[in-house]
Amino acid sequence: MADMKQIHDFAVKWCDKFRDQNINYIELVDHYMADDCDALGFAMDCGRAFAEKYGNAANNHEALDRIIGDVTDIFLLGSAIYSQWRYFNHWAYDAAEILEPKNRAWFIIALSRLTVLSEENH
């Protein structure tokens with residue numbers, strides 16, 4: 001099980017990557033994020049657990065922005081991030097869609113919240 005500092009470092013690292021307007025999308029969809037998520041104990045459940053609790057916030061940045069303050073479960077949020085990433089890595093018609101502003105926004109909102117939650121707890 002990962003400690004909060006490791007989760008915090010992960011959230012900061014990946015939030016910075018999603019904010020980087022010059023990043024190559026391959027860096028975002030290659031296996032590196034999955035490796036990090038696996039190491040931290042996040043589950044890839046296609047977003048089911050998060051969607052059960054928060055509905056379409058599991059894949060819609062506007063809905064996520066409205067409820068993000070209510071999210072307090074670090075591992076549920078981490079698993080949602082992992083699952084959303086997996087969509088672009090594996091299922092999306094074009095993995096480069098991860099660079100679209102609405103998709104970047106989803107990750108930035110989620111990772112920013114993960115940064116706050118893990119900071120409070122380490």
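## Ground rules

Helices (H or I, at least four residues) and strands (E, at least two) are DSSP runs, numbered from the N terminus. This is a predicted model: local features need pLDDT of at least 70, side-chain atom pairs count only at pLDDT 80 or more, and totals for chains, interfaces and linings use all residues. Residues are numbered from 1 along each chain as its sequence is written, while side-chain values use heavy atoms, with hydrogens and water left out.

## Overall fold

The protein chain has seven helices and zero strands. From the N terminus on, its elements run α-α-α-α-α-α-α. Along the principal axes, the C-alpha atoms fill a box of roughly 35 × 25 × 25 Å. The radius of gyration, taken over C-alpha atoms, is compared with a globule rule of 2.2 Å times the number of residues to the power 0.38. For 122 residues, a compact globule would have a value near 14 Å; the protein chain has 13 Å, which agrees.

Of the 122 residues, 47% are buried. Buried means under 20% relative accessible area, exposed over 50%, and partly exposed in between (1.4 Å probe, protein chains only). Contact means heavy atoms within 4.5 Å. Among contacts between residues at least 6 apart in sequence, 74% join residues at least 24 apart.

## Helix α1 against helix α7

Helix α1 covers residues 4-19 and helix α7 covers residues 101-120. They pack at an angle of about 155°, with their axes 8 Å apart. That makes α1 roughly antiparallel to α7. Axes here are lines fitted to C-alpha atoms, for helices over the stretch in contact, and angles run from 0 to 180 degrees between N-to-C directions. Angles under 35 degrees count as roughly parallel, over 145 as roughly antiparallel, 65 to 115 as roughly perpendicular and the rest as oblique.

α1 passes α7 in a left-handed crossing. A crossing is left-handed if the near helix is turned anticlockwise from the far one by less than a right angle, and right-handed if clockwise. The α1 residues in this contact include F10, W14 and F18; among their α7 partners are F107, L111 and T115. By class, the contact of α1 with α7 has twelve nonpolar, four polar and four charged residues. Ala, Val, Leu, Ile, Met, Phe, Trp, Tyr, Cys and Pro count as nonpolar, Asp, Glu, Lys and Arg as charged, and the others, Gly among them, as polar.

T115 sits in helix α7. It counts as buried, at 15% relative accessibility. Beyond its neighbours within four places in sequence, T115 is in contact with H8, A11 and V12.

## Helix α6 against helix α7

α6 and α7 pack at an angle of about 155°, with axes 10 Å apart. α6 is thus roughly antiparallel to α7. Their crossing is left-handed. The contact divides into twelve nonpolar, three polar and one charged residues.

A80 lies in helix α6, residues 74-91. A80 is buried, with a relative accessible area of 3%. Leaving aside neighbours within four places in sequence, A80 touches F50 and W106. A80 and R48 are 32 residues apart in sequence and 8.2 Å apart in space, C-alpha to C-alpha.

## A loop residue

C46 is in the loop between α3 (32-40) and α4 (48-54). Its phi is near 60°, a positive value in a residue other than glycine. C46 is partly exposed, with a relative accessible area of 48%.
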